[in-house]
Amino acid sequence: MPNPFLTLDAPGKRVLFMGNEAFARGALEAGVQVASAYPGTPSSEILESIASVADQFNIHAEWSTNEKVAFEVGVGSAISGLRTLVSMKHVGVNWIADPLMAVNQTGVRGGLVIIVADDPSAYSSQNEQDSRFYSYFAEIPMLEPCNPQEAKDAVVEAFELSEKLELPVFVRSVTRLSHSRGDVSLGELRRERNESRFIKDPKRWVMVATQSPARHKWLHEKQNQMREETEELFLNHLDLPRGAESGVIALGVPSTYVSEAMELLNLEDKVAFLKIGVVNPLPTKKIKTLLNTVEKVLVVEEVEPFVEEKVRAIAYEVENRADIRGKLTGDLPREREYTPDIVLKALAGFMDVEYEPRSKELRERVREAEDIVLPRAIAMCPGCPHRATFYCIKQALRKTGEKGIIAGDIGCYNLGAFPPLSMQDTTYGMGASIGVACGLAHANLPERVIATIGDSTFLHAGIPALINSAYNDAKMTVVILDNLATAMTGFQPHPGTGITATGKKTVRVDTETIARACGISSIETTDPYDVEKTTQTLMRALQSKEVNVVISKRECALDAQRENRRKGIAVHPYTVVKERCTACRLCATQFGCPAIIWDKDGKADIDALLCTGCSVCGQVCAAGAIVEAK
Amino acid sequence: MRLEEANVLVAGVGGQGNILASAIISKAAIDSGYKVIASETFGASQRGGAVASHVRISRRSLSPLIPEGKGDILLGFEPVESLRIGAKFLSPEGIAVVNTRSIYPVDVIIGNRAYPSVEEILRVLGGLSSKVITIEATRLAEEAGDPLAMNVVMVGALAGIERLDIELAVFKKTIEEMVPKRTIDLNLRAFDAGYGDIKKKIEREAP
């Protein structure tokens, strides 16, 4: 259901937006004409929001096969003069680095805005990564908003800036901003649309050896203009109370923790505060003013000590001896997302004041509570076809007497790494399962090498690696866990689904056909809900001498449930025949569906509210005690 | 007693719908003239892990997370999650409304750990706050037509404790706007069930 406020033409009205919706609204207010992305938490809702209103606003919105393609789509439209938005999660920028490092030198004609959402704490990612480095690497501007209102306003500004400078402009988000919700005051929707026209200019658009240094010079000549256009931007703000001897520099969401901590610690009149919203170029005049006023500065920023190092360089340049503190001095942690309490503690330490929100007695009670509270590991959903596939791989390995090394990939099936399945031995980045498996296969290990990869991830980056496995004869089994969705990020369609981002029917790309075209001759497709057949199929694959592919295909259980609800189809949950249950716990220790619980006799029970009726636990049970409820 | 500003926590397990619940509360607060910022702390973007929403209702701009010990109201969708979040964020003056239906973590399903008794959880939570009210929200949602509407029962419970300056009609209008059309009646029944249950409990306590 699209958020009705995305398209509302009511300047000044305050509405509720998720951070990502605010980014999307910003693009709509700026008159965006093309939007492309590949789904990735925490960035996915940006393109989803734009796609939900694309027809109404005459926007071309697409889920591209990967971030690099999405960005190249953006380059093509922006050099044709159109206002273009490309959005991605932090690791997506690694994919776009190649074209980015050329389009920064050709420049663009229509505004090209790249939103990159970092994931401090790696809540939904393989790593923590500070994408701000890319703005210096590519020598292009980057804005960093701190709340949903600034998120919207920053995108509008980024489009203006991009067209003024003829450069792509980054907007950096983080999970805490993209997935927060807050009130946003709407702005005006730009009526004007850029004209679409490609002006042939090989000296500019053809980046070949003889002309590239000239374009690099052009980029360097832009740097002064970049500084002039951004120093006074609304995203930067310096508050300099009279007599302040200490200062704080903060960026993004942590700057909101600083504001609140100053209030809780009664420091508002004592500490100077420079809130920075432009990462590149930094507001050096304001930084110098602050450094020349105070004795010490605390830099509060998430992920790397990026600005902290630059502030040190600026201090050196103006021969300033202020004590610059932050991550490098151990005042703030190097890893994980900040919280209000991390910032409160750091600021209290920096200013040498006390902060303790709880009495001693209360702290003891909190400790008592912490002793009782159980950890809650994330788990695959009840009825998840991936759990069934992993169970069958485990059975096939056992029955063939093989030991396996399983190279995993990015998606829900990564949860197969956790007990009781414990069926992932490596995870790197998108598509890395097959590439890493190629290396494992050539390492002459005694184990059988298996790569597990989802359908969307296979299309994103698995194909070149699969070609490589056939071409270079890597003996291994590639299991494609095809659940017909990009499920982990929220069920976006992909080329294998035959549906576009705007819900239109399109060509359906067939995984099996692709695998065959990659040079794989042994391909079998199986339904993981059929445990016996899937196990047999995998046993054949594991015993094969050549690289082979097993496609384990079954619709995502959440998607299927949603579809059933819509159609009013009732679920037939399973139940336990108590007389037959031997309390062996095989269903839990080997399979581990969250719908399986325990009664007071230690026998299995099934939570009918959670059960999807997939039947797999019934096939797992050796005693035949789990049956469909009558 | 209505609060001028309120930090509301919604604690549950992924898939229980606490993001929708916190979005309903947030929008109802904005439509009542407040500024709002809300966000979640969670394990992953899909089901099974612990999810806590922080909803900050105020007259000014605040950060998207509640500082430890500054929570005024806890809506606990599940007992262990209520204690996890209550212990960390609830103020000793705060109030907790707890759905008593447990969802077992994988460790309990496998048999590595035992789930603590709900009585014990409530006792400890009681020592960390001014008041704990229990509610069979999942059962009330089932009676309203769908156990998944438990989240909206809990929004009704929030309205029932009458700590926020948000009219009942605004809550109901917000629910109508934010849930799928075909589930509006169901969700309004769920809201009323939660509201009614809590009101009854509070009136019974009154001297």
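# Tour of the A–B interface and chain A

Across the interface of chain A and chain B, 23 residue pairs are in polar contact, both residues at pLDDT 80 or more. A polar contact is a pair of N or O atoms within 3.5 Å; within protein, one must be able to donate a hydrogen and the other to accept it, and residues adjacent in sequence count only if both atoms are side-chain atoms.

The model is predicted: local features need pLDDT of at least 70, side-chain atom pairs count only at pLDDT 80 or more, totals for chains, interfaces and linings use all residues, and side-chain values use heavy atoms, with hydrogens and water left out. Residues are numbered from 1 along each chain as its sequence is written, while chains are lettered from A and ligands numbered from 1 in the order in which they are written.

## Stop 1: chain A against chain B

Show both chains. Here 63 residues of chain A are in contact with 75 residues of chain B; contact means heavy atoms within 4.5 Å. The size of an interface is often given as the accessible area lost when the parts come together. Chain A and chain B bury about 5700 Å² between them, with 59% of it on carbon and sulfur atoms. Buried area is the accessible area (1.4 Å probe) that two parts lose on being put together, summed over both.

Now select A:Arg181, A:Leu374 and A:Arg376. In chain A these three lose the most area to chain B, together 16% of what that side buries.

Turn to charge. There are ten salt bridges between chain A and chain B. A salt bridge is a side-chain nitrogen of Lys or Arg within 4 Å of a carboxyl oxygen of Asp or Glu. Select A:Arg358 and B:Glu68: they form a salt bridge, with their closest N and O atoms 3.9 Å apart.

Next, colour chain A by secondary structure. Helices (H or I, at least four residues) and strands (E, at least two) are DSSP runs, numbered from the N terminus. The residues on this side divide into 39 nonpolar, ten polar and 14 charged. Ala, Val, Leu, Ile, Met, Phe, Trp, Tyr, Cys and Pro count as nonpolar, Asp, Glu, Lys and Arg as charged, and the others, Gly among them, as polar.

## Stop 2

A:Glu364 is partly exposed at 43% relative accessibility, and A:Lys360 is exposed at 58%. Buried means under 20% relative accessible area, exposed over 50%, partly exposed in between (1.4 Å probe, protein chains only).

A:Arg365 is partly exposed, at 30%.

## Stop 3: domain 1 against domain 3

Colour chain A by domain: domain 1 (4-230), domain 2 (237-351), domain 3 (385-564) and domain 4 (571-628). The bounds come from an automatic or database domain assignment.

Focus on domains 1 and 3 of chain A. Their centres, taken over C-alpha atoms, are 33 Å apart. Domain 1 puts 18 residues into the contact and domain 3 puts in 19. They bury about 1300 Å² between them, 57% of it on carbon and sulfur atoms. Select A:Tyr38, A:Trp63 and A:Gln126: they supply 35% of the area that domain 1 buries against domain 3, more than any other three residues.

One salt bridge lies between these domains. Select A:Lys504 and A:Asp55 to see a salt bridge, at 3.0 Å from N to O. On the side of domain 1 that touches domain 3, helix 2 (44-52) and strand 3 (60-63) give two or more residues. Helix 2 gives the most, with four residues.

## Stop 4: A:Thr534

Select A:Thr534, in helix 19 (residues 531-543) of chain A. This threonine is buried, with a relative accessible area of 1%. Its side chain makes a polar contact with the side chain of A:Thr526, at 2.8 Å. Beyond four places in sequence, the contacts of A:Thr534 include A:Cys392, A:Pro528 and A:Ser552.

## Stop 5: A:Asp605 and A:Lys578

Finish with A:Asp605 and A:Lys578, whose side chains meet in a salt bridge (3.5 Å, N to O). A:Asp605 sits in strand 22 (residues 604-606), and A:Lys578 in the loop between strand 20 (574-576) and helix 21, 27 residues apart. A:Asp605 is partly exposed at 26%, and A:Lys578 is partly exposed at 25%.
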